[in-house]
Amino acid sequence: MTKKAVFTQILQLLNRDKFRNIIKNYDGDRYTKRLNCWQQFLILLYAQARGIKSLRDIEISLRSQRRKWYHPGLKNVARSTLLDANSKRSSEIFRDIFYDFIVKCRGLAPKHKFKFKNPI
């Protein structure tokens with residue numbers, strides 16, 4: 001039995017086809033040169049899981065873990081690139097991905113109530 005990192009297990013729960021459809025609905029990867037929606041999502045999910053709050057800390061953390069990011073398709077990301085992606089790309093993309101993910105989690109654990117105190 002092989003052990004998988006929690007991050008990898010979370011990514012396996014995502015439906016990549018629905019992810020692509022959501023991106024297509026919002027035209028999320030239009031005019032994208034360096035950082036597509038999938039890569040931005042990986043970075044934001046990683047930052048959320050690690051409790052990283054600033055773009056500088058995200059950049060430093062990604063650089064320190066550079067070898068692990070090769071397989072998910074993520075290369076070196078400058079904080080200015082991430083800043084541009086965060087400011088120009090619609091947050092509704094990630095909201096829809098989140099809600100789709102919650103539906104998947106509720107299907108896997110129907111007795112668990114997934115409550116969120118903060119507005120999304």
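How many aromatic pairs does a search of the whole structure find? The search turns up five, where rings of Phe, Tyr and Trp (its six-membered ring) pair if their centres lie within 6.5 Å, and planes under 30 degrees apart count as stacked, over 60 as edge-to-face and the rest as tilted. Bear in mind that this is a predicted model, with local features needing pLDDT of at least 70 and side-chain atom pairs counted only at pLDDT 80 or more, while totals for chains, interfaces and linings use all residues. Residues are numbered from 1 along each chain as its sequence is written, and side-chain values use heavy atoms, with hydrogens and water left out.

Let's start with phenylalanine 19 and tryptophan 38, an edge-to-face pair at 5.0 Å centre to centre with 85 degrees between the planes. Phenylalanine 19 sits in helix 2 (residues 16-26) and tryptophan 38 in helix 3 (residues 37-50), so this pair ties together parts 19 residues apart in sequence; helices here are DSSP runs (H or I, at least four residues), numbered from the N terminus. Phenylalanine 19 is buried at 4% relative accessible area, and so is tryptophan 38 at 13%, buried meaning under 20% (1.4 Å probe, protein chains only).

Next come phenylalanine 41 and phenylalanine 94, whose ring centres are 6.4 Å apart and whose planes are at 5 degrees, so they are stacked. Here the link runs from phenylalanine 41 in helix 3 to phenylalanine 94 in helix 6 (residues 91-108), 53 residues apart. Phenylalanine 41 is buried at 11%, and phenylalanine 94 counts as buried at 17%. Ring pairs join Phe19, Trp38, Phe41 and Phe94 into a cluster.

The axes of helix 3 and helix 6 come within 12 Å and cross at roughly 70 degrees, the axes being lines fitted to C-alpha atoms over the stretch in contact, with angles running from 0 to 180 degrees between N-to-C directions. That makes helix 3 roughly perpendicular to helix 6, a label covering 65 to 115 degrees. Where they meet, Cys37, Gln40, Phe41 and Leu44 in helix 3 face Ile93, Phe94 and Ile97 in helix 6, with contact meaning heavy atoms within 4.5 Å.

Further along helix 3 you'll find alanine 47, buried with a relative accessible area of 5%. Leaving aside neighbours within four places in sequence, alanine 47 is in contact with Ile52 and Ile58.

Methods
Helix = DSSP H or I, 4+ residues; strand = E, 2+ residues; numbered from the N terminus. Buried < 20%, exposed > 50% of the residue type's maximum accessible area, 1.4 Å probe, protein only. Parallel < 35°, antiparallel > 145°, perpendicular 65-115°, else oblique.
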